[in-house]
Amino acid sequence: MKNLLKNFQIGIAEILRLLSTEILMILIPILGINILNLNNSSIGFAISLSSIGFLIFGYIAGLIADSWNRKYMMVTLLLIKSLLFGMFAYLALSSNLTKLNYFLITRGAR
């Protein structure tokens, strides 16, 4: 029973993580167009920034993940990601979102 509860908690956490990531990927172009008045090429660049990190740091991240405790690393990275989501929402709602913030947060949020 304890194992079933743990699997249920992990499943709910993963569903919430995936939903938040997918919602952010939908909001990135909308916020870029409505708030910053970006053109299509800038929006495409912002979306592609989220994948560049996988290409550049994928091998190094794999080595780090094998040598460190995965549980603590995952929790730390999810905490950093949630702080980026919060900062992105705060900047967008307070009208302080700049193009530099937009591109940096979209890179780190995915």
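A residue is called buried under 20% relative accessible area, exposed over 50%, and partly exposed in between. The model described here is predicted. Phe 45, at a relative accessible area of 45%, is therefore partly exposed. Phe 103, at 19%, falls under the cut-off of 20% and so counts as buried.

The overall architecture is helical. The secondary structure consists of four helices and zero strands. From the N terminus, the order of elements is α-α-α-α. Helix H1 covers residues 2-34, and helix H2 covers 40-67. Helix H3 spans 70-93, and helix H4 spans 99-109. Along the principal axes, the C-alpha atoms fill a box of roughly 50 × 30 × 20 Å. The protein has 110 residues, of which 25% count as buried. Among contacts with a separation of 6 or more, 70% come from residues 24 or more positions apart.

The largest nonpolar core contains 17 residues. Those with the most contacts inside this core are Ile 28, Leu 38, Phe 88, Leu 97, Tyr 102 and Phe 103. Helices H1, H2, H3 and H4 each give two or more residues to the core. Contacts of Ile 28 were listed without residues up to four places away in sequence. On that basis, Ile 28 touches Ile 43, Ala 46, Ile 47, Tyr 102 and Thr 106.

Aromatic side chains were then considered. A pair of aromatic rings is described by the distance of the centres and the angle of the planes. The count comes to three aromatic pairs. One of them joins Phe 45 and Phe 103. The centres of these two rings are 5.6 Å apart, and the planes stand at 65°. The arrangement is edge-to-face. Phe 45 belongs to helix H2 and Phe 103 to helix H4, so this pair ties together parts that are 58 residues apart in sequence. Phe 45, Phe 88, Tyr 102 and Phe 103 form one aromatic cluster. Of these residues, Phe 88, Tyr 102 and Phe 103 are also listed among those with the most contacts inside the core.

The crossing is left-handed. On the H1 side, the contact is made by Arg 17, Ser 20, Thr 21, Leu 24 and Leu 31. H3 contributes Leu 78, Lys 81, Phe 85, Phe 88 and Ala 92. By class, six of the contact residues are nonpolar, two are polar and two are charged.

Phe 85 lies in helix H3. With a relative accessible area of 21%, Phe 85 is partly exposed. The C-alpha atoms of Phe 85 and Thr 21 are separated by 9.4 Å, although the two residues are 64 apart along the chain. Leu 78 is likewise placed in helix H3. At 39% relative accessibility, Leu 78 is partly exposed. Leu 78 and Ile 12 are 66 residues apart along the chain, and their C-alpha atoms are separated by 14 Å.

Most residues other than glycine have a negative phi. Asn 37 is not a glycine, yet its phi is positive, at about 55°. Asn 37 sits in the loop between H1 and H2. Its relative accessibility is 62%, which is over the 50% cut-off, so Asn 37 counts as exposed. Ser 95 is not a glycine either, and has a positive phi of about 60°. Ser 95 is found in the loop between H3 and H4. With a relative accessible area of 63%, Ser 95 is exposed.

Conventions: Residues numbered from 1 in each chain as written. Predicted model: local features only at pLDDT ≥ 70, side-chain atom pairs only at ≥ 80, totals over all residues. Heavy atoms only, no water. Core = buried A, V, L, I, M, F, W, Y, C linked by side-chain atoms within 4.5 Å. Buried < 20%, exposed > 50% of the residue type's maximum accessible area, 1.4 Å probe, protein only. Contact = heavy atoms within 4.5 Å. Phe/Tyr/Trp six-rings, centres within 6.5 Å; stacked < 30°, edge-to-face > 60°. Left-handed = near helix turned anticlockwise from the far one by under 90°. Nonpolar A, V, L, I, M, F, W, Y, C, P; charged D, E, K, R; others polar.
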